[in-house]
Amino acid sequence: MLLKDKVAVITGAGSGFGKLTSKLFAKEGAKIVAVDYNEESAKETVEEIKKDGGKAISVKADVSKDSDVKNFIAEAVNEFGKIDILFNNAGVFKPGNVEEVSFDDFKTSFGVNVDSIFLACKYAMKYLKESKGVIINTASAGGIIGFPQAVAYGASKGAVISLTQALAVDYAKDGIRVNAICPGTSKTSMTKETLEDKDMCNAYLSPIPMARFGTVEDIAKAALFLASDQSSYITGHALPVDGGWTMS
Ligand code: ADP
């Protein structure tokens, strides 16, 4: 087991990467704090983990809200006594170019995708210092290169990569590693609508050297690598999990 007795706080744990990663980390021995603003979906993740013999709790939170973030970090410590892994994964995708995306949606993208990481790290850092823990942030290949019709998403994910680097440099001396995962286009509920459009689907698929979209399993395996000692000398890295897209 790669994460035996570790405590992992995972946001956006109700669906997509967050859900599968929660289940994979639990299988590897971690106790899971499943955070999502969709309470039902987070509870479902917890039930599935418990059915497999794992330990988990769910916490309802809007990750862009200061008081909610403070609360789920406190709940994690109350329940399990420590935090070893913080996986900042919750995110939103507001499609469109600069003329189409409203200023409110632009700000929401930064609130959910970026402010959330700032806040969770702020409140969890004390505990991560004690555990010499690990932070993983879900960025995106769209934070490295330009994605079509994704101005708000791309800008916010670029900020996630910069934030990851800054955190890694500041906290390496405390034994904390901080890395980001940069999924390319993966088939999840977030991309469902975009990929149903044939032209958009082709536009996203054609530049991928491996000629397939990513899966949630592809991302969860990368998260496990970054969460475990398998990546003990890696920090500040933004790891593309994108079938070679950003390299082509
Ligand atoms: P992906 O599969 O790419 O992770 P999803 O849309 O399936 O994308 O998952 C994103 C998760 O993040 C969902 O479970 C969603 O409920 C959650 N989420 C979105 N916005 C917030 C928010 N403000 N606070 C907490 N969780 C959120």
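**Exercise 1.** Sort the residues that line the largest pocket into nonpolar, polar and charged.

Solution. The lining of the largest pocket holds 14 nonpolar, 18 polar and three charged residues. Here Ala, Val, Leu, Ile, Met, Phe, Trp, Tyr, Cys and Pro count as nonpolar, Asp, Glu, Lys and Arg as charged, and the others, Gly among them, as polar. The model is predicted: local features need pLDDT of at least 70 and side-chain atom pairs pLDDT 80 or more, while totals for chains, interfaces and linings use all residues. Residues are numbered from 1 along each chain as its sequence is written, and side-chain values use heavy atoms, leaving out hydrogens and water.

**Exercise 2.** Describe the space in the largest pocket and say which elements line it.

Solution. Step one is the space, about 730 Å³ in the largest pocket. A pocket is an open set of points on a 1 Å grid over the protein atoms alone where a 1.4 Å probe fits, with protein on both sides within 12 Å along at least five of seven lines; lining residues have an atom within 4 Å of a point. Volume is the space filled by probe spheres set on the points. Step two is the lining: it has 35 residues, and S15, A90, G91, V92 and M190 are the closest to the centre of the largest pocket. Step three is the elements: α1, α5 (151–171) and α6 (189–196) are those that give two or more residues to this lining. The helices are DSSP runs of H or I with at least four residues, and strands are runs of E with at least two. Of the elements, α6 gives the most to the lining of the largest pocket, with five residues.

**Exercise 3.** Work out how α1 is set against α2 and against α8.

Solution. Start with α2: its axis and that of α1 are 10 Å apart, at an angle of about 25°. Axes are lines fitted to C-alpha atoms over the stretch in contact, and angles run from 0 to 180 degrees between N-to-C directions. Angles under 35 degrees count as roughly parallel, over 145 as roughly antiparallel, 65 to 115 as roughly perpendicular and the rest as oblique, so α1 is roughly parallel to α2. In this contact (heavy atoms within 4.5 Å), K19, S22, K23 and A26 of α1 meet E44, T45, E48 and I49 of α2. These residues are two nonpolar, two polar and four charged.

Now take α8 (residues 216–227): its axis comes within 9 Å of that of α1 (residues 16–27), and the two cross at roughly 55°. The pair α1 and α8 is therefore oblique. From α1 come G16, F17, L20, T21, L24 and F25, which meet V216, E217, I219, A220, K221, A223, L224 and A227 of α8. The contact has 10 nonpolar, two polar and two charged residues.

**Exercise 4.** Find the angle at which α6 and α7 pack, and list the residues that meet.

Solution. The angle between α6 and α7 (residues 198–205) is about 110°, and their axes are 5 Å apart. The two helices are therefore roughly perpendicular to each other. T194, L195 and E196 of α6 meet K198, M200, C201 and Y204 of α7. Four of the residues in this contact are nonpolar, one is polar and two are charged.

**Exercise 5.** Locate G29 and list its contacts.

Solution. G29 is in the loop between α1 and β2 (31–36). Beyond its neighbours within four places in sequence, G29 is in contact with M1, L3, K4, D5 and K6.
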